[in-house]
2 protein chains.
Amino acid sequence: MEHKIDARPHVVILGGGFGGMNAASSLRHAPVRITLVDKHNHHLFQPLLYQVATAALNPSDIAYPIRRIFRNQRNVTPILAEAKQVLPEAKKVILVDGELSYDFLIVATGATHSYFGHDEWQRYAPGLKNIEDARAIRSRMLRAFEYAERETDPAKAQDWLNFVIVGGGPTGVELAGAFIEIARHTLSEDFRHIDPRKARVVLLEGTDRILQTFSPATSKKAEEQLRALGVEVRTKTRVTGIDGEGIWVGQDRIRARNVIWAAGVAASPLGRSLGVSLDKAGRVPVLPDLTISGHPEIFVIGDLAAFTQDGETVPGVAPVAIQEGKQVAQNIRRRLDGESYKPFRYFDKGMMATIGRAAAVAEIGKLRLSGFIAWMAWLFIHILYLIGFRNRLIVLFDWAWVYFTYERGARLITGDDEAQESVEKIS
Amino acid sequence: MEHKIDARPHVVILGGGFGGMNAASSLRHAPVRITLVDKHNHHLFQPLLYQVATAALNPSDIAYPIRRIFRNQRNVTPILAEAKQVLPEAKKVILVDGELSYDFLIVATGATHSYFGHDEWQRYAPGLKNIEDARAIRSRMLRAFEYAERETDPAKAQDWLNFVIVGGGPTGVELAGAFIEIARHTLSEDFRHIDPRKARVVLLEGTDRILQTFSPATSKKAEEQLRALGVEVRTKTRVTGIDGEGIWVGQDRIRARNVIWAAGVAASPLGRSLGVSLDKAGRVPVLPDLTISGHPEIFVIGDLAAFTQDGETVPGVAPVAIQEGKQVAQNIRRRLDGESYKPFRYFDKGMMATIGRAAAVAEIGKLRLSGFIAWMAWLFIHILYLIGFRNRLIVLFDWAWVYFTYERGARLITGDDEAQESVEKIS
């Protein structure tokens, strides 16, 4: 198809996460043409990704086609492509298979895992950032029980039943709570030789408390709830080694065939090409209007941006990205109307984290909730923000199903087994 | 775990498809211990697999954990393992990672694709046998539209929009009907540069009619319905070559970037180790009681077996496998009671195939149905046989959703792109 010339200013958005999607949809009535670039064809509702990894939800419940979202917003052209580099002086983005010129650029490519310089740990301790990661963790977790079942040496079988989660942020806490429920309820009757209830789930945190972004009182509540479910929580514990049989904490060994990495976060490498110096986590320091120094046409938002407010960097969470995306759209509209940019200000509506079945914590302004009521609030908010009527219905149904039956609908092992080991012969 | 000695006769079942599952569950009250071996952890409801490949259903809607099915049948031990070879004289099965001794063996490992000696076609024309295949076809089909969108040469864009399905059996017919609906309805408004309605779907069949196992009148009806949907049907057309840009039929070229293989079926290679000579399709000829010559303790059932009744080999369909599985279980129980085996007889309850939205054909005894009423019958039967209350509900919901909205819930592109090609630069 020959692509027609269009005189409207060209806004290129890199990344279809919360930031990029909100920027694009807030430009709905603006006299611009938008190209939205993502290497996936779907927007991912990342706060529920751990539920795919733990077999409660299907990938498509939390992933929605970007094209479908913008079907009726005709000034958006989504393309499936990967951005390699930005050339700020030439006002161009280099893709793996092409290039794009822009008038305004919004960089919203997010973050990935960081193994703090130990990339060799990745093989043994996968992280959770996209659908493929979630499926891989799900298969690995389910396979571990299968291997334990076929192992004739009880000590080796126990190694397969030991789960270590590195990192006590929301993802780590959520995974720990879900794994213990799977072992103690979902799978408890399904094996003949092992008792899945003997699975150990250990949550490790380097600092002095889990859920660092919450208040100390809330962290304590969360830890109590985790312990009540059966999770072993160890704070002030820094991992010094990971291999195929477990982890090292200094001279201490925790044997475990299942290690999940929920610790370090590093901003997407695209930030490096912007020509500004990055912070320790690889994030791009932005000005109050979310642009970068010297380039009022380049905005950086979401987990990739380091935005400072009241002396602190705002956290890498969905509400920040959403608000930033909307603000950038507003500023582009202002600029086209001949007005100047307005500075961004993050409005903190609160934070919440689930811990497990009927257990969660939430901080909304001065209000602190925990337990069942916090969990209900969590369910409600997440359903509300989930895109697409169908997805909301299906997720609601799946949650009710898991809650009342302890069954998990997506107990599938697929793909190759990268951790395959010879299992002793049985007869 | 040390595995205890058990004096009951050991029944080993290889394969958790329709045959193996029904044999195991029909031995519920028999004084035997059963080991059920499958290389997947789930039973797959294969008749609906094409709906995963066409984004209408999620993998977990049609795949159900084998352990969950046998949770309460304590004489079954499911293991996740792959059988490599049978040693009939030693009464042993060699697994990739171990071995099993048996008193009775039921081989039900099914069939796979056959490229009629052209294994090099597999790369360009994937087949559909398991969840991974379905996901790969789904991603490939959705990616084709993305590449077409980014292609600036109209002829090359059309190549991405051309779909060829090789093989006019039920799978080929179902895929063709679903692809045309996706192009003409589901995606019709989602692109900016291409019109997905320009997609061509070509169904090729080597013999003189599609749906060979049905009556000629029904084949004709099915062909009419396909044409009415917009599918090009070509019979008496044998593919002579497949490459990255299309297929050859003798000197004729059909350019197409999407080729799906729904033609040849070859029995699982495990049959070769049984020491009997196989038929042309690699199937194991079985005696009237479904055992193999000289080994009354070895049964072969399902797609792997060639069972002759009234001078014809019964077809490789789910009802045959189900009935065979039940019969074998009955014969094992008879043998344990000191009685002799009863011969198997297939009771043909009828056949059906969907063609697309509100279109299907069915033959039940002398009754021949087509169109909407056949489609309703098809929906009803498939929901009825689907294992698990949850799966039935979800599938029913998904079907109603697709029917009323034309949306498909599982439009996800995941995994690597094996067919990636450089796409020309856009600006």
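Leaving aside the neighbours within four places in sequence, A:Gln225 is in contact with A:Ile355, A:Ala359, A:Ala360, A:Val361, A:Ser370 and A:Gly371. The model in which these contacts are found is a predicted one, and in it A:Gln225 belongs to helix H8 of chain A, which covers residues 216-229. Is A:Gln225 buried or exposed? Its relative accessibility is 14%, and because buried means under 20% relative accessible area, A:Gln225 counts as buried.

From this single residue we can turn to the place where the two chains meet. The size of an interface is often given as the accessible area lost when the parts come together. Between chain B and chain A the buried area is about 6600 Å², and carbon and sulfur atoms give 52% of it. To this contact chain B brings 69 residues, and chain A brings 69 residues as well.

Charged and polar groups also pair up between the chains. There are six salt bridges between chain B and chain A, and in a salt bridge between the side chains of B:Asp190 and A:Arg71 the N to O distance is 2.4 Å. Across the interface of chain B and chain A, 22 residue pairs are in polar contact, with both residues at pLDDT 80 or more.

Which elements of chain B supply at least two residues each to the side that touches chain A? Among them are helix H3 (59-62), strand E4 (63-65), strand E8 (98-101), helix H5 (131-150) and helix H11 (389-405) of chain B, and it is H5(B) that gives the most, with nine residues. Sorted by class, this side of chain B has 27 nonpolar, 16 polar and 26 charged residues.

Terms used:
Residues numbered from 1 in each chain as written. Chains lettered and ligands numbered in written order. Predicted model: local features only at pLDDT ≥ 70, side-chain atom pairs only at ≥ 80, totals over all residues. Heavy atoms only, no water. Contact = heavy atoms within 4.5 Å. Buried area = accessible area lost by both parts, 1.4 Å probe. Salt bridge = Lys/Arg side-chain N within 4 Å of Asp/Glu carboxyl O. Polar contact = N/O pair within 3.5 Å; in protein donor to acceptor, adjacent residues only side chain to side chain. Helix = DSSP H or I, 4+ residues; strand = E, 2+ residues; numbered from the N terminus. Nonpolar A, V, L, I, M, F, W, Y, C, P; charged D, E, K, R; others polar. Buried < 20%, exposed > 50% of the residue type's maximum accessible area, 1.4 Å probe, protein only.
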